[in-house]
Amino acid sequence: MRGAVLGLGMIGRHHARLLQSTPEVAFAGAVDPAGDIHSAVSDPALVFSSVAELLAGGTLDFAIIAVPTEEHVAAVREVTAGGASVLVEKPIAASATAGRELIELVEHAGVHGAVGHIERCNPALIELRSRVNDGQLGELFLIATERVGPFPDRIRDVGVVKDLATHDLDLVRWLGGAPIASLSGQTQNRMGRPHEDLVLISGALTSGVSFNSIVDWLSPTKVRRTRVLGERGMLVADTLTADLTFYANGAVGSEWGATQSLRGVSEGDVTRYAIARREPLRVQLDRFLDLLGGSQDSQVVTLAEGLETLASAEAVLESAASGVTVTPNAAGA
């Protein structure tokens, strides 16, 4: 299959690297008006300044869209018009309205589409979800995420909610296996940029599971942690190191009858699992290629799921502005 990447920035350059090293892909080139500043493309003749120049070289089977978020719709319009399927970096678009337009373009062209929510391909989170689905924790109580660190200078067009918290809003829905029923958000703007640089989110899934997320660009160290708490213990994933640890509830008895009724959870055994580690971006590409190859279980993040996550992000911003709890709405205008 002939594939290309649009955008050679911080994530696009890695897409280009993988496409050039994938036997199933004939690398058609990369598009970036700024050129190949990271030297990601081995053949300079395959770096183009526009999609039109790229398409002049032949028909594409697919394109990875890694341009700035506000340019997603225009990029998808160009490549799908020629019959190419698309893998769009998250968030799916700059707004839910634009996201719905993007989905309509893909459906009208009759091609495949998926969204690049890379955290679903992290080995620690894949293993965590498998264990949750197998019932290791029993009834779920809480999903909590922390995603903090210094400000990345690459960001220009969105704030921390749409750039980073979309990871977490997608994860709580994916790990919990149910849509977000309601949420509330608080934001801060401490760096003088047009967009927020800190957000606190709390809410509940339709299943009744609670969740909370802390996301910022203000912390002097990078932390990526997902914690799922249930009746039998807690699973904690560090997605920077791809480590997964299980903290079991203890069962400590007491001969003092007066305290027996007050006994709560105590510390039990702690297990850190050995996990096979594959590069998440490679896993994501393989899943997308499976989709293009006709797989009915490719495990890609669908465009509809990407839109649902974006609608949740907009609900966070709405809640932060109004001070009220909000119900996300991916279907409405």
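Close-up 1. The model shown here is predicted, so local features need pLDDT of at least 70 and side-chain atom pairs count only at pLDDT 80 or more, while totals for chains, interfaces and linings use all residues. Residues are numbered from 1 along each chain as its sequence is written, and side-chain values use heavy atoms, with hydrogens and water left out. Searching the whole structure turns up 2 aromatic pairs (rings of Phe, Tyr and Trp, the last by its six-membered ring, with centres within 6.5 Å; planes under 30 degrees apart are stacked, over 60 edge-to-face, and the rest tilted). In one of them, the ring centres of Phe 62 and Phe 288 are 5.8 Å apart with planes at 80 degrees, so this pair is edge-to-face. The partners sit 226 residues apart, with Phe 62 in strand β4 (residues 62–65) and Phe 288 in helix α8, and the pair thus links distant parts of the chain. Helices (H or I, at least four residues) and strands (E, at least two) are DSSP runs numbered from the N terminus. Phe 288 is also buried, because its relative accessibility is 0%.

Close-up 2. Phe 151 counts as partly exposed because its relative accessibility is 25%, whereas Trp 217, at 3%, counts as buried.

**Close-up 3. The second largest pocket.** Its volume is about 370 Å³. On a 1 Å grid over the protein atoms alone, a pocket is an open set of points where a 1.4 Å probe fits, with protein on both sides within 12 Å along at least five of seven lines, and lining residues have an atom within 4 Å of a point. The volume is the space filled by probe spheres set on the points, which are joined across faces, edges and corners. Of the 21 lining residues, Arg 120, Ser 298, Gln 299, Val 300 and Thr 302 are the closest to the centre. Helices α4 (96–109), α5 (123–133), α8 (280–292) and α9 (303–322) each supply at least two lining residues, and α5 gives the most, with 4.

**Close-up 4. Helix α4 and its surroundings.** Among the buried residues of α4 are Arg 100, Leu 102, Ile 103 and Val 106. The buried residues of this helix pack against α3 (72–80), β5 (85–89), β6 (113–116) and α9 (contact means heavy atoms within 4.5 Å).

**Close-up 5. Val 31 in strand β2.** Val 31 belongs to strand β2 (residues 26–31) and counts as buried because its relative accessibility is 7%. Beyond its neighbours within four places in sequence, Val 31 has contacts that include Val 5, Leu 6, Phe 48 and Leu 54.

Key: Buried means under 20% relative accessible area, exposed over 50%, partly exposed in between (1.4 Å probe, protein chains only).
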